[in-house]
Amino acid sequence: MASTRVIGLDIGTTAVRGAELEFGSGGPIGKGGATLLRYGQVPLPMGAVRDGEATQPETVATALRQLWLQQKFSSRDVVIGVGNQRVLVRELDLPWMPLPQLKASLPFQVQELLPMSTDEALLDYFPTSEFDGPNGRTVQGMLVAAQRDTVTANVLAAEGAGLHPMMVDLNAFALLRSLARGDLAQRIVALVDIGASVTNVVIAVHGVPRLIRTLPLGGQNVTNAVAAALGIAGPEAEMLKREIGVGFAVGPEQAAAADAISNVARTLVEAVRNTFVYYSGNNPGAAIEVAVMTGGGSHLPGLGQYLSSAGRLPVTLGDPLAGLRFGKSMPRGALAGFESLVALPIGLAYGVAA
């Protein structure tokens, strides 16, 4: 069987990121494993993407053209991700039927469950298990409903760069595929991807998603709070944020900035912790064993310790590169320090190759 190459494309708030993987015989679960052939990113100006949506499609398209020019990806076919507050994810049990038929029936089965018309939504279903219920064979899984325009904006930006989106996937599922492998696939884990303005939380049991939440906070909110408190520009606030961190002692001259950082970090950590508490309350006896952080916002000094203390569980930085081979033009050392940023594009590539 021939190898398969897939390009995962993450259109983020601060940058566009692409990863090209090559899978041998058997795809992601085959013995051949995956090889990372190319990875690259191009920064975006503030405001080009907001809350996961391309609000300036031409600007995003220009960055994508630059990314393809720099990295020389082998194809223009891509898998793009979506994930913000306008994407609803909820557990849903449905009468069993073959998956293609089940997905085709979603507009008729879920129209009363959605805060939007099914005509305005893109629907998908992720089955996780089956059981015999009162009405017979039943599928347990997760319904995904995205407002059509939140997906269309990113698709149009990609098409404006001459790319061909083959598939739109949920960022939370991509995060799961890129991290819940090896030892983590055998445990109960909380994956916390802290982007610039959106944080995705996925709780998975032995590699199967059980709870997904999207929180409207991220690292850029911390930077904005510092900039507003001190009346300084964003780049200066970003540097100061990373210098001070959260939970460390500071002098009087940095007290205002430290308070601004602490206030936003506290709100974010509490929202993540409340997600953990909600899961635990509905799943007694199946406690989360470890939290795994990714995303640019995860690098705020002290944030991992803060989350560990609030959630009362160990917290580690995720490494989506673990277990991957590297192509000749993609040495492992070239990605040192970028590991947390490649989780989404790698996970998106894994999805279409499954």
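Reply: Helices (H or I, at least four residues) and strands (E, at least two) here are DSSP runs, numbered from the N terminus. This is a predicted model, where local features need pLDDT of at least 70, side-chain atom pairs count only at pLDDT 80 or more, and totals for chains, interfaces and linings use all residues. Residues are numbered from 1 along each chain as its sequence is written, and side-chain values use heavy atoms, with hydrogens and water left out.

Me: Which glycine comes just after α6, with a positive phi?

Reply: Helix α6 covers residues 234–244. Just past α6 there's a glycine with a phi of about 70°, and that's glycine 245.

Me: Which side chains of α6 are buried, and why do they sit on the same side?

Reply: Buried means under 20% relative accessible area, exposed over 50%, partly exposed in between (1.4 Å probe, protein chains only). By that cut-off, the buried residues of α6 are Ala237, Leu240, Lys241 and Ile244. They're on the same side of α6 because the arc they cover around the axis, taken from the directions from the helix axis to the C-beta atoms, is only 105°.

Me: What do those buried residues of α6 pack against?

Reply: Contact means heavy atoms within 4.5 Å. The face turned away from the buried side carries the exposed Pro235, Met239 and Glu243. The buried residues of α6 pack against α5 (219–230) and α7 (255–282).

Me: How far apart are the end C-alpha atoms of α3?

Reply: Helix α3 runs over residues 148–160, 13 residues in all. The expected span is 1.5 Å times one less than the number of residues, so α3 should span 18 Å. The model agrees: the end C-alpha atoms are 18 Å apart.

Me: What is the volume of the second largest cavity?

Reply: On a 1 Å grid over the protein atoms alone, a cavity is a set of points where a 1.4 Å probe fits but cannot get out, and lining residues have an atom within 4 Å of a point. Grid points are joined across faces, edges and corners, and a volume is the space filled by probe spheres set on the points. For the second largest cavity that gives about 50 Å³.

Me: Which element gives the largest share of the lining of the second largest cavity?

Reply: Val192, Ile194, Leu268, Val269, Val272, Met293, Leu303 and Leu307 line that cavity. Two or more residues each come from β11 (188–194), α7 and α8 (303–311). The largest share, three residues, comes from α7.

Key: 1 Å grid on protein atoms, 1.4 Å probe; cavity = no way out; pocket = protein on both sides within 12 Å on 5 of 7 lines; lining within 4 Å.
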